[in-house]
Amino acid sequence: MKSKTLVLKFGGTSVGSIERIKVVSKIILSHKSKNTKIAVVSSAMSGVTNELIKKSKSISNNFDSAEYDALLSTGEQVACALIAGNLKALGHNSRSWLSWQLPIMTEGQHSNSRISNIKTTELKKFMNKGGIPIITGFQGINTNFRLTTIGRSGSDASAIMLAKFLNADECIIYTDIDGVYTTDPRNNKKAKKIKKIFYDEMLEMSSLGSKVMQPTSVQDAKLNKIDITVKSSFIRKKGTLITGSKKSFSDQIITGISSTKDDAKITIVGVKDKPGVAAAIFKPLSDNSINVDMVVQNISLNKKETDITFTIKAEDLRKTEKLIKKNKKIQFKKISFDKNLSKVSIIGVGMITTPGITYRMFKALAKKKINIMVISTSEIKISVLISNKDIKKAVACLHTEFNLD
């Protein structure tokens, strides 16, 4: 029988205490058999990374970026050593591997790097002898041999890329929830677990507010055709399969509903309607790492001026206002701001071939007297900007409208 290679990833809550680490060890060993090779990726224990961030801020708000990554990477080192130590105490061959020991190579800037390569030669030798390697997630090293980190929830990306370079048969993400739900169960008690979801749907849900998976991790899985199972390390239940395979999918039109909080809307009135103006507006925002989401440009009635509306996170509102007002490359009549807004989105590959979805969404919101401020669409999602106070009502009515209850 051909041996199977399995990558297991455990999130911060799963390894949040010594008791939880002992449970995690049992889960790891439950997958271990004569014909299964296992590699484990671990996050830092829950709360540890936040404490390390606090320590850096107590020294400086402009803490050196390279040292910041060196500091944050220690959290995973602790968790991995504890897991490996526990497995050894139970009589199994295990050891921790730090990112530089493989190495896991990254590219890009500190705190937001991407994994480019993982050398697996020594890892495979260890696994072939029955060893269980416990590998630090969330980090790697760059070409200058400096430690780098790959963004919050980056351990998911570590596990997925490790699965790629090990040519693993499966990647299981263990977390504190038992799968991906049609919407956030904390906001809607009628939310139900999704058995299977396409990469593209999961990517949209992640980028539109669902915090189950980091968007870049889903993108990595899609590009490398790696199936992911998301399941709980706290209860024994089947999880959610994230895949590109069309086998055994239901005919559900809408798969899920995502929502965000604390969005803000900016409208720049009376902008010159000529080529290059939009680029001039958004370049300073991009340079300052301000993420622009929905963008609407009104049709120019006099062919000389237009209005541009876009959304950002509310926390970036003041900085964005300053950047626009001091931008000498654009001229405008006035600028207006709205905050305390939310975005609600319906997602599903079924809407590609099903007419009337937009009408049904808008009709359901209108029945609940929910005003729509901005609309954004793609092939598999429709997003609308609404008031914060209407978000729970909007999610509930859309969940019912598209038969997700």
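Okay, let's start with the eight-stranded sheet: it is open, has mixed pairing, and its strands come in the order β3-β6-β2-β1-β9-β11-β12-β10. Out at the edges sit β3 and β10 (196–198), each pairing on one side only. Ignoring direction, neighbouring strands here are turned by 20° against each other on average.

Before I go on, some housekeeping. This is a predicted model, so local features need pLDDT of at least 70 and side-chain atom pairs count only at pLDDT 80 or more, while totals for chains, interfaces and linings use all residues. Residues are numbered from 1 along each chain as its sequence is written, and side-chain values use heavy atoms, with hydrogens and water left out.

Helices (H or I, at least four residues) and strands (E, at least two) are DSSP runs, numbered from the N terminus. Two strands pair if DSSP finds at least two bridges between them. In general, strands of a sheet pair through backbone hydrogen bonds, either parallel or antiparallel.

Back to our sheet. β1 and β9 pair in the parallel sense, over 5 bridges.

Then α7 lies across β10 and β12 (240–243), at about 85° to β10. For those angles, axes are lines fitted to C-alpha atoms, for helices over the stretch in contact, and the values run from 0 to 180 degrees between N-to-C directions. Contact, by the way, means heavy atoms within 4.5 Å.

Next, the core. A nonpolar core is a set of buried Ala, Val, Leu, Ile, Met, Phe, Trp, Tyr and Cys residues joined through side-chain atoms within 4.5 Å. Buried means under 20% relative accessible area, exposed over 50%, and partly exposed in between, with a 1.4 Å probe and protein chains only. The largest core has 40 residues, and V7, I135, L162, M202 and M213 have the most contacts inside it. Elements giving it two or more residues include β2 (36–42), β9 (170–175), α7 (199–207) and β11. Its largest share, 8 residues, comes from α6.

If you click on M202, you'll find that it touches V180, I197, S210, V212, M213, V218 and I242, not counting residues up to four places away in sequence.

L123, F126 and M127 are buried in it. They cover an arc of only 95° around the axis, so they sit on the same side of α5; the arc is taken from the directions from the helix axis to the C-beta atoms. The buried residues of α5 pack against β1 (4–10), β2, β3 (94–97), β6 (132–136) and α6. Just after the helix, G130 takes a positive phi of about 90°.

What about disulfides? Taking one as a pair of cysteine sulfur atoms within 2.5 Å, the count comes to 0.

T229 lies in strand β11 (residues 228–232) and is buried, with a relative accessible area of 15%.

Most residues other than glycine have a negative phi, and most peptide bonds are trans. Here, the bond from L102 to P103 is cis, with omega near -5°, and P103 is found in the loop between β3 and β4 (104–107). F138, not a glycine, has a positive phi of about 75°. Is F138 buried or exposed? Buried, with a relative accessible area of 5%. N403 has a positive phi too, near 55°, but counts as exposed at 55% relative accessibility.

Last stop, the other sheet. Here 6 strands form an open, antiparallel sheet in the order β14-β15-β13-β16-β18-β17. β14 (295–297) and β17 (374–378) are the edge strands, and the twist averages 25° from one strand to the next. Helix α11 (residues 357–367) packs on this sheet, touching β16, β17 and β18 (381–387), and its direction makes about 20° with that of β18. Inside the sheet, 11 bridges join β13 (residues 256–272) to β16 (residues 334–347), and I268 has I335 in β16 as its bridge partner.
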